[in-house]
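Please consider the structure below with attention to its aromatic contacts and its nonpolar surface.

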Amino acid sequence: MEGDISMEEIMGAVLGSIGWMIGLAFLGVGICLGLIGAKTAESVGRNPETKSDVVQSVMIIAVVLAILLLLLFAFVFLLLFFNPLLS
């Protein structure tokens, strides 16, 4: 039939969307960590006695970003190996 979509087309679309998701996630994390690092250096430069508090807060934010990135990888593997569109 004319309206049928083949399995190859579905996998091509899934792989394309996975590439976009991973690429944009790494771009966002890179920009975010760069801005956080710049603001951390600026705040420690202005007020050096609060260095430990500022660095501790930044590390918490970095860990949260890493956890969100790992959740993205879990979602990507879910799309690759347990894709409901391929059944």
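There are two aromatic pairs, where rings of Phe, Tyr and Trp (its six-membered ring) pair if their centres lie within 6.5 Å, and planes under 30 degrees apart count as stacked, over 60 as edge-to-face and the rest as tilted. One of them joins F26 and F73, a tilted pair at 5.9 Å centre to centre with 55° between the planes. Because F26 lies in helix α1 (residues 7-46) and F73 in helix α2, this pair ties together parts that are 47 residues apart in sequence. Helices here are DSSP runs (H or I, at least four residues), numbered from the N terminus. The model is predicted: local features need pLDDT of at least 70, side-chain atom pairs count only at pLDDT 80 or more, and totals for chains, interfaces and linings use all residues. Residues are numbered from 1 along each chain as its sequence is written, and side-chain values use heavy atoms, with hydrogens and water left out.

Both F26, with a relative accessible area of 43%, and F73, at 27%, are partly exposed (between buried, under 20%, and exposed, over 50%; 1.4 Å probe, protein chains only). The rings of F77 and F81 are stacked because their centres are 6.1 Å apart and their planes at 10°. These two residues both lie in helix α2, four residues apart, about one turn of the helix. F77 is partly exposed at 46%, whereas F81 is exposed at 61%.

Helix α2 (residues 51-81) also holds L68. With I60, V63, V64, I67 and L71, L68 makes a nonpolar surface patch of about 560 Å². Such patches consist of residues with over 30% relative accessible area and no salt bridge, nonpolar side chains (Val, Leu, Ile, Met, Phe, Trp, Tyr) being joined within 5 Å and like charges within 9 Å. A salt bridge is a side-chain nitrogen of Lys or Arg within 4 Å of a carboxyl oxygen of Asp or Glu. Accessible areas come from the Shrake-Rupley method with a 1.4 Å probe, and for residues only the protein chains shown count as cover.
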